[in-house]
Amino acid sequence: MRYAANLGFLFTDLALPDAVRAAAQAGFDAVECHFPYETPVADLRAALDETGLRMLALNTWPGDRDAGEFGLCALPGRQDDARREIARAVDYAAAAGMDAVHVMAGRTDGGEAADACFCANLRFACDLAAARNLRILIEPINTRDVPGYHLSGTDHAERVLDAVQHDALGLMFDCYHMQIMQGDLARTLRRLMPRIGHVQIAAVPDRGEPDAGEVNYSWLMRELAEMGYGGHVGAEYRPRAGAGSTAAGLSWLSAFRDG
Ligand SMILES: O=C(O)C(=O)[C@H](O)CO
Ligand SMILES: [Mg+2]
């Protein structure tokens, strides 16, 4: 299995281009990120070219996180903001040679208007992305960490995929969030495999390194390979010893590869 370092959580003591270099040094096969927008894309590209790593994906801007926002794209009345941010994310991703943009739904009342808004913005995002050879991802996120997040389960995500019906749209299956919300990871991954565009992992419940906690990821990664998953697995965890200690907690990487 190939693993991508999520630089939203790993190597965050470093500026993004240096975090790419650190991920390469640590033996990751690729990188992904959350919100790279303050980094000039030329600086990021230079680090990617130098290391030979690909940056797989980024997130749309979450909005005002201090005010509790965690995405804009399912917020009725915020369509202009959402589409401006989708366009910015697609431009940045294309310029950095990425594969995908994760369109963040945001916190809503869970009603029909929010869902209609999310689907309309996703159609807009998919058309923009397809023209640039990118994919759009939606990610169910657990409501213990993000109360009120609009998309928190795979049944809902499947309804959104069915409603939007666009070849550019796929599911980001974050095993951490889905273990908290649903469990039954292996069977759900297998059932949804044709719709899955990306997989992420972290220990449950503490979101630390994936070789501890209630999920046996070493086994699950072997199952995932057996299911024919051909993508990377994003390591999106918070190093237990702190942001500056990413490298010290990486024994799982070689253990999972050997395992
Ligand atoms: O929290 C997550 O799992 C995510 O991947 C989102 O992108 C939020 O950063
Ligand atoms: Mg995730």
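Close-up 1. Asn133 lies in the loop between α4 and β5 (135–138), and its phi is positive, about 65°, although Asn133 is not a glycine. Asp184, found in the loop between α6 (175–181) and α7 (185–192), has a phi near 55°, again a positive value in a residue other than glycine. Asp184 is exposed, because 11 other C-beta atoms lie within 10 Å. Helices (H or I, at least four residues) and strands (E, at least two) are DSSP runs, numbered from the N terminus. The model being predicted, local features need pLDDT of at least 70 and side-chain atom pairs count only at pLDDT 80 or more, while totals for chains, interfaces and linings use all residues. Residues are numbered from 1 along each chain as its sequence is written, and chains are lettered from A and ligands numbered from 1 in the order in which they are written.

Close-up 2. The peptide bond from Val204 to Pro205 is cis, with omega near 10°, and Pro205 lies in the loop between β7 and α8 (217–226). Most residues other than glycine have a negative phi, and most peptide bonds are trans.

**Close-up 3. Ile196 in strand β7.** Ile196 belongs to strand β7, which covers residues 196–201, and Ile196 is buried, because 21 other C-beta atoms lie within 10 Å. Apart from neighbours within four places in sequence, Ile196 is in contact with Gly170, Leu171 and Phe173, where contact requires C-beta atoms, placed from the backbone, to lie within 7 Å of each other. Between Ile196 and Ala131 there are 65 residues in sequence and 21 Å in space, C-alpha to C-alpha.

**Close-up 4. Helix α3 packed with helix α4.** The axes of α3 (residues 79–95) and α4 (residues 112–131) come within 10 Å and cross at roughly 30°; such axes are lines fitted to C-alpha atoms, for helices over the stretch in contact, with angles running from 0 to 180 degrees between N-to-C directions. The two helices α3 and α4 are therefore roughly parallel to each other, a term for angles under 35 degrees, with over 145 counting as roughly antiparallel, 65 to 115 as roughly perpendicular and the rest as oblique. Gln79, Ala82, Arg83, Ile86, Ala87 and Val90 in α3 meet Cys117, Asn121, Phe124, Ala125, Leu128 and Ala129 in α4. The residues of this contact divide into 9 nonpolar, 2 polar and 1 charged, where Ala, Val, Leu, Ile, Met, Phe, Trp, Tyr, Cys and Pro count as nonpolar, Asp, Glu, Lys and Arg as charged, and the others, Gly among them, as polar.

**Close-up 5. The residues around ligand 1.** Around ligand 1 are Gly8, His34, Asn59, His102, Glu139, Ile141, Asp174, His177 and Glu236, a residue being near a molecule or strand if its C-beta atom, placed from the backbone, lies within 6 Å of it. The shell around ligand 1 divides into 1 nonpolar, 5 polar and 3 charged residues.

Conventions: A residue is buried if 20 or more other C-beta atoms lie within 10 Å of its own, exposed if 12 or fewer, and partly exposed in between; C-beta atoms are placed from the backbone. Two residues are in contact if their C-beta atoms, placed from the backbone, lie within 7 Å.
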